[in-house]
Amino acid sequence: MEKRIRELFPEIEWIKDETLRKQVVASYVDALKTGGWEPDDMDRIPFTLLIPNCPFTYLDHVRGVTRIAKAAMDEFNAIYPAKDARFRLDSDLLVAGALLHDVGKLVEYEKNGAGETVKSEMGKNLRHPFSGTVIALRNGCPNEVGHIIANHAHEGDGTLRSPEGVMINKADFMNFESVKSFLGMK
């Protein structure tokens, strides 16, 4: 399963710290097993249940958010730290947080008898930022990654997000809102 997860998310290799790479993969193994999914299901599960007949999958979304956030980080790091080194975003934290920002959806969602993706019993009581944070932390991810996951969605509004968390929040909503706009949804 670990090998397939790494194949589906080649961006895992962007994480320089081997321990953190393993923790990201372990978090996916945990979430997939807990949710009753196989790795390839991530390319069939809709990335959101808020868009009827969502044309993009969980895998599309997570990879898109990761790539957008990293591109933004690369541009930020090319400009701001040159004037003040305190303003350097941490690539490993950003990539790990982006890859795991929606990992909780793998337990928030389930497949019903008709083969449709629906909210699980857990998902009816606990949204993915919370379940995803638990999954990442219990698989050894640093608190900073847990912070990113916990605060990436509306639950984090009004909090002080880490700089990496800001990038992921914005990349996530750029992705979600752009898809909605293309579909003519408000």
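Here is a short chat about a predicted model, covering its pocket, some salt bridges and a surface patch.

Colleague: Which element gives the largest share of the lining of the largest pocket?
Modeller: That pocket has a volume of about 320 Å³. Of its 18 lining residues, the closest to the centre are Thr-48, Leu-50, Lys-105, Arg-127 and His-128. Two elements give two or more residues to the lining, helix 5 (105–108) and helix 9 (163–182). The largest share, three residues, comes from helix 9.

Colleague: How do the residues of that lining divide into nonpolar, polar and charged?
Modeller: Remember that 18 residues line the largest pocket. They split into seven nonpolar, five polar and six charged.

Colleague: Is Asp-41 buried or exposed?
Modeller: Asp-41 pairs up with Arg-44 in a salt bridge, their closest N and O atoms being 3.0 Å apart. Arg-44 is exposed, with a relative accessible area of 56%. Buried means under 20%. Asp-41 has 10% relative accessibility, so Asp-41 counts as buried.

Colleague: Which residues do salt bridges that share partners join into one network?
Modeller: Let's start with Lys-124 and Glu-121, whose side chains meet in a salt bridge (3.2 Å, N to O). Elsewhere, Glu-7 and Arg-4 form one too, at 3.0 Å, N to O, and both lie in helix 1 (residues 2–8), about one turn apart. As for the network, shared partners join Lys-3, Arg-4, Glu-7 and Asp-40.

Key:
Residues are numbered from 1 along each chain as its sequence is written. This is a predicted model: local features need pLDDT of at least 70, side-chain atom pairs count only at pLDDT 80 or more; totals for chains, interfaces and linings use all residues. Side-chain values use heavy atoms; hydrogens and water are left out. On a 1 Å grid over the protein atoms alone, a cavity is a set of points where a 1.4 Å probe fits but cannot get out, and a pocket is an open set with protein on both sides within 12 Å along at least five of seven lines; lining residues have an atom within 4 Å of a point. Grid points are joined across faces, edges and corners, and a volume is the space filled by probe spheres set on the points. Helices (H or I, at least four residues) and strands (E, at least two) are DSSP runs, numbered from the N terminus. Ala, Val, Leu, Ile, Met, Phe, Trp, Tyr, Cys and Pro count as nonpolar, Asp, Glu, Lys and Arg as charged, and the others, Gly among them, as polar. A salt bridge is a side-chain nitrogen of Lys or Arg within 4 Å of a carboxyl oxygen of Asp or Glu. Buried means under 20% relative accessible area, exposed over 50%, partly exposed in between (1.4 Å probe, protein chains only).
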